[in-house]
Amino acid sequence: MRLSPRHPRFASLKVRSILAEAHRKGLVVPEGLIAQGRGEAFDYFLGERSTPGARRAERTAAEWLFAARHPVVSVNGNVAALAATEVARLARAVPGLDVEVNLFHRTGSRARLVAETLRAAGVRRVLGVRPSATLPGLTSDRARVDRRGILVADVCLVPLEDGDRTEALRALGKRVISVDLNPLSRTSRAADLPIVDDVRRAFAEIANQAERWPRASRIPRFVPFDRRAALAEALSTIARGLKRAATRRPIARPRGRASPRRARGNAGRTRRTP
Ligand code: PTJ
């Protein structure tokens, strides 16, 4: 299908077509398409742009990655399909940042496909294709990690994560930075640094921030982050947007169509909007 850039929902349609294509290739699972739908709904409420709160969180995330002893970014099918280029930028900008494949719906071939996608985007070393350790306290395949990566990381950046693993990572004493458009999700509520933003925008901004520091530099300590305030701010943005929308007029009927057309041969019934 050809998408016209003049379509009012072009950006969203483009993302959908990238994910649909990635699904046909086996990179993204059907559940990933559903997850995107949920994310899109929250993005719609948030105004489809990074809020000032999200930008602050992204700046702090970059600082935490520079303060970490061993930072790791966890990549699933959706993240590889949508943000492989941004992950590669981040891996180039942050010293010692490891990139690890971690899948909820794990198969060997999907793990390899995620790794291939990351390498094609410029990531040099991809961990997690053959997991070598298991995180305690988890029943899903997300527990299967690389002993050189997530297992020994002190900071984990986990986009589109599930709440269970966020909690399990924190229970192991790791700092968790999440990226999730849903400020109500268990992941957002459990993370030390919840970023409520779209994964592509979030990674691009973290990479922008990280690229401002010389590669060899380290930040001596973790700057504090008020996660409760960050989530409250995201929810207030949504609430304000909905309030404004409630007072907005509905879209006017195009001129010259004072009343709904009658469908031929269907006297008395109005035509349904497709
Ligand atoms: O590739 P796999 O096998 O690891 O599976 C990946 C999915 C995404 C299917 C898996 O992790 C999953 O089921 O995730 P959940 O539990 O549906 O959670 C995904 C969260 O990410 C939801 O809270 C969504 O609101 C959010 N989300 C979806 N799309 C985006 C997003 N957040 C940021 N940017 C997005 N584009």
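A cavity, on a 1 Å grid over the protein atoms alone, is a set of points where a 1.4 Å probe fits but cannot get out. This is a predicted model, in which local features need pLDDT of at least 70, side-chain atom pairs count only at pLDDT 80 or more, and totals for chains, interfaces and linings use all residues. Residues are numbered from 1 along each chain as its sequence is written, and side-chain values use heavy atoms, with hydrogens and water left out.

**View 1. The structure holds one cavity of 30 Å³ or more.** The largest cavity contains about 80 Å³ of space; grid points are joined across faces, edges and corners, and a volume is the space filled by probe spheres set on the points. Lining residues have an atom within 4 Å of a point, and here they include L46, T51, P194, I195 and E233. At least two lining residues come from each of α3 (52-67), β8 (193-195) and α9 (227-247), with helices (H or I, at least four residues) and strands (E, at least two) taken as DSSP runs numbered from the N terminus. The biggest contribution, four residues, is from α9. By class, this lining has eight nonpolar, three polar and one charged residues; Ala, Val, Leu, Ile, Met, Phe, Trp, Tyr, Cys and Pro count as nonpolar, Asp, Glu, Lys and Arg as charged, and the others, Gly among them, as polar.

**View 2. About 1,000 Å³ of space lies in the largest pocket.** Of its 41 lining residues, A35, Q36, G39, N78 and L160 are the closest to the centre. The elements giving two or more residues to this lining are α1 (10-25), α2, α4 and α8 (199-210), and α2 has the largest share with nine residues. A pocket is an open set of grid points with protein on both sides within 12 Å along at least five of seven lines. Its lining divides into 14 nonpolar, 12 polar and 15 charged residues.

**View 3. The ligand sits in the largest pocket.** Two or more shell residues come from each of α2 (30-46) and α4 (77-93), and α2 gives the most, with six. The shell has seven nonpolar, eight polar and eight charged residues.

**View 4. Of the 23 residues around the ligand, G77, F104, H105, R110 and R142 come nearest.** Oxygen atoms of the ligand lie 2.8 Å from a polar side-chain atom of R142, 3.0 Å from a side-chain N or O atom of D180, and 3.3 Å from a backbone N or O atom of L160. The protein covers 92% of the 730 Å² of accessible area that the ligand has on its own, by the Shrake-Rupley method with a 1.4 Å probe.

Technical notes. Near = heavy atom within 4 Å. Polar contact = N/O pair within 3.5 Å; in protein donor to acceptor, adjacent residues only side chain to side chain. Sits in = over half its atoms within 2 Å of the grid points.
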